[in-house]
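Subject: Structure handover

Hello,

Here is the structure I said I would pass on. Please look through it first, then read the notes under it.

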Amino acid sequence: MPVLLLKMVNGVAETSLPSHIQKENLNNLREGVDYTNKYFQGIVTLSYPLTKLADGTDFFKVVLQDLSNSCSRINSINVLMYGKMAEDCSKVLHREVTFKPEHIPDNFAVAGFKLVKSPTAAEDGRHDCHLEVSEDAGSAVYIYANSKRIAASETLSMSVAPKYAYTSLNQLKDGTIVNLYGVVKFFKPPYVSKGTDYCSVVTLVDPSNAKLTCTLFSGNLDSLPKIYKVGDVVRFHRIKIREYNGQMQGITSGGFASLTFDGTVEAPIVPRTSSKVYTFVEEEIKTIKELRVWAASNLSISGPAAKLSGVQPMLFFDLTCQLVGKAKVDGSSFLLKVWDGTKCPFPTWKVSVEKRDLEGEKDLLHQLRNLTADILVYDNHMQLAKSLKIGSFLRIYSIHAKQASADNEDGSHIEFHLHGGTCYGRGIGVLPESNPEVKELKEFLESVDLADNQDMECMSSLKLEGTSNSVADLESHLQRCQQLPVTVLTDHQDLKNTDLKTILNSTAPQQYRIRAKLRTYQPQKLYQSVKLHCSKCNSLQEVPTEDDFDFNLQGSAVTAKKTELYNVSWYDSIMWATQDQKQRRIVIHFVRHDELLQHPKDTLLMVEGGTLKEMWKLTKRFKCVIPVRSTEDGLQLLDLSSPFLLQGNVKYYGCKQCSTPKPINSLSSLAAEQQPSWEPTEIAEVLGIELLQYVFVMKFTFVDGTGPLNAYLFDYEKFFQIPASEILTSNYLQQKMEMTMNTLCPPGRKLGDLPWLECFIKSYNIKDETKHQVYYQIFDTTVAEDVV
């Protein structure tokens, strides 16, 4: 900041110091204290000539006397100034040497200083520390002067206390250093650059319809602009302009400083500052208001950041939240546990870390266990994540709500990732408690009833009052808990329980409600219960292994003779050779929509020559992948023993008996739709595929004291509340299913200790040429949520 002259009229300054800095007395100055928002004020009793240091930096020294401690033995201190601030102060003070004593500055205020041990204290008898100030460090010097002195210094007024001129973005010139105002159109929160500095990128626009992309570096994170969202208004002082590839760019220069203002039209005009001391005059308020109104009409400004309760799978979103826990996971990722008072509507991934590695208040983390989101932070964001303070409020930009892929442990849960890099403004911002959104969030968090979000454990309702009911009440309570049903009936509440013996002696078909115990079930290896079912021919088949799929892919490899790609209007094709010994060739066909490629999350690919591993990698980035092979007539599907479609971590198969595969060109009709969704059912239909559904097929043996009854479970996802389509690709879901079955039928328990299950079953007849038999099937029943 420049040296500023403050005019004194009748002993009172016309302009007061900034309200955010506080005065500090000489006796209270201590080493190790942060004085960035403090100032010291005194009378100039001595000043030395301006000199230059060995590196060419201007240096100027003055002595300030503290009038509030004039009776103290030590009441003065050395002030050392560097750079442009030293030059300006020297001009002002030494120009006055020829004036009468009354023209010497009345007093002198130094703000944003650094306190350093003085090597000359023993010799000069002054304070044992001195003040160091410079414009680059964000310091400021305020010189109080009477009107005569101001008149005498008119020739210096522009260099000492300039009235800032601001340049519009369409008037910028290469090699200049300017001051400017602009509206944020895009930004990347500060991140660690390849060196040791922090870097932030911001693109500005203004009513001149020009734009400027600024790349800002600083070793101090706090000195970079405090930008929180698109639409914020910024003021940059002393930013250097350079031309690159025909475009103007802004970069930091010596003395760079910034102010940021909320871009909302009616928001209070309160600056967020990267400098410790700043000037802001009344006429600038008009500029900010005009930019706000212009931005509201000319920029696409998004609304508030998403809530966890509004998160959808496979999307990227910004989140305003509070940090309640953090932990190092491994060398490549770092865990942030956050909450915003709402609950994600989908099951969320809980990252496993050692308790000793998890920072945060343990009781609070336990209370919030159903409301926190675990966000894994990678690469260049890790250093900032490690430095975050528990309890701080964050804006995390471009979080990926990812459905777990085939090689993850948690197939049915949403995982939250902040990937490496800075694309799409990816990063972390720390919000001050004065931020309006933080104030609103704090009020909301304080209103959340944590009791409503705890797990409904049996012990939660147990109240031990005194000693008279301790053991007896606890045993009684546990007995009641064991009697709670572990299944839930979803319909037909009018049916009454029927014992198994009566059902076995009744004719079919009928529907029953039973209360029984699960004595045993098949298969014991639960993953073997997943089958593929054709609703058209009612056939069941085993799910092919990934080895079978990989073998089929190898058989569809692109031959080396293929040198030309198909010239097709509805997709683009690229081909490249791998760098391995086999020199394989891979061809990827990108389906277009309205002559344009869609966003990766909306794009359908057709791939020939890829391996299984490569196919799964592509599914992580693109919505759908169809394995294909080339023929003389064009692209065709592989044999139906392979999946015809990959989406997420699910392989979709077609029934060989009921399908009549059509040419790949049939997909062009979907590509031509206004908004192609690329849903598996639609793709199967246009390709002539009868889609097979993943189902659980199990045999349960029930007992109720009147006799055993075998009933079959034939379920897609309702009974276990787990999609059968994802169980084979998720170790986590397999473990979850195993835990569920261990609850329904605990291993090693005596029959009398097994839990009661309530189920609906229906009987039906199966007849063939030689025999007639009655079978039973479970329906409209689901496992209780507290069991799952």
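**Overall picture**

Of the contacts in the protein chain with a separation of 6 or more, 64% are between residues 24 or more positions apart. Please keep in mind that this is a predicted model. The protein chain has 788 residues, of which 48% count as buried. It contains 15 helices and 40 strands.

- Strand β25 (residues 511-522) runs antiparallel to β36 and is joined to it by five bridges.
- Met698 is partnered by Leu713 in β37.

β36 and β37 make a hairpin, with four residues between them. Gly705, in the turn, has a positive phi of about 95 degrees.

**The nonpolar cores**

Phe702 turns up again in the largest nonpolar core, which has 67 residues. The members that touch the most others there are Met606, Ile626, Leu667, Ile683, Phe700, Phe702 and Phe720. Apart from neighbours within four places in sequence, the contacts of Phe702 include Leu500, Ile514, Ala516, Leu518, Pro708, Leu757, Cys759 and Ile778. There is also a second, separate core of 42 residues, and Phe187, Cys214, Leu216 and Tyr378 are among its members. As background, nonpolar side chains tend to be buried together in soluble globular proteins.

**His533**

His533 is found in strand β26. Is it buried or exposed? His533 has a relative accessibility of 6%, and because the cut-off for buried is under 20%, it counts as buried. Its side chain makes a polar contact of 3.4 Å with the side chain of Tyr716. Not counting residues up to four places away in sequence, His533 touches several others, including Asn538, Leu691, Val695 and Phe714.

**Three helices**

Helix α8 covers residues 436-447. From its first C-alpha to its last, this 12-residue helix reaches 17 Å, close to the 16 Å expected at 1.5 Å a residue. Which residues of α8 are buried? They include Val438, Leu441 and Leu445. These three cover an arc of only 65 degrees around the axis, which puts them on the same side of α8. The general rule is that an α-helix has 3.6 residues a turn, so residues three or four places apart point the same way. The face of α8 turned away from the buried side carries the exposed residues Glu440, Glu443, Glu446 and Ser447. On the buried side, the residues pack against β18 (316-330), β19 (333-339), β21 (393-403) and β23 (427-431). At the start of α8, a side-chain oxygen of Asn435 comes within 2.8 Å of the backbone nitrogen of Glu437.

Helix α12 (residues 612-621) has Leu612, Met615, Trp616, Leu618 and Thr619 as its buried residues. Seen down the axis, these fall within an arc of 160 degrees, so they line one face of α12. Lys613, Lys617 and Arg621 are exposed on the face turned away from that buried side.

Helix α5 (residues 283-298) has 16 residues, which should span 22 Å at 1.5 Å a residue; the end C-alpha atoms are 23 Å apart, which agrees. Its buried residues are Glu284, Ile288, Leu291, Arg292, Trp294 and Ala295. They pack against β12 (177-192), β13 (198-205), β15 (233-244) and β16 (247-261).

**Ser118**

The last item is Ser118, in the loop between β9 (114-117) and α2 (121-124). At 8% relative accessibility, Ser118 counts as buried. Ser118 and Asp128 are 10 residues apart in sequence, and their C-alpha atoms are 5.4 Å apart in space. Leaving aside neighbours within four places in sequence, Ser118 is in contact with Asn78, His127, Asp128, Cys129 and His130.

Regards

Terms used. Residues are numbered from 1 along each chain as its sequence is written. This is a predicted model: local features need pLDDT of at least 70, side-chain atom pairs count only at pLDDT 80 or more; totals for chains, interfaces and linings use all residues. Side-chain values use heavy atoms; hydrogens and water are left out. Two strands pair if DSSP finds at least two bridges between them. Helices (H or I, at least four residues) and strands (E, at least two) are DSSP runs, numbered from the N terminus. The expected span of a helix is 1.5 Å times one less than its number of residues. Buried means under 20% relative accessible area, exposed over 50%, partly exposed in between (1.4 Å probe, protein chains only). The arc is that of the directions from the helix axis to the C-beta atoms. Contact means heavy atoms within 4.5 Å. A polar contact is a pair of N or O atoms within 3.5 Å; within protein, one must be able to donate a hydrogen and the other to accept it, and residues adjacent in sequence count only if both atoms are side-chain atoms. A nonpolar core is a set of buried Ala, Val, Leu, Ile, Met, Phe, Trp, Tyr and Cys residues joined through side-chain atoms within 4.5 Å.
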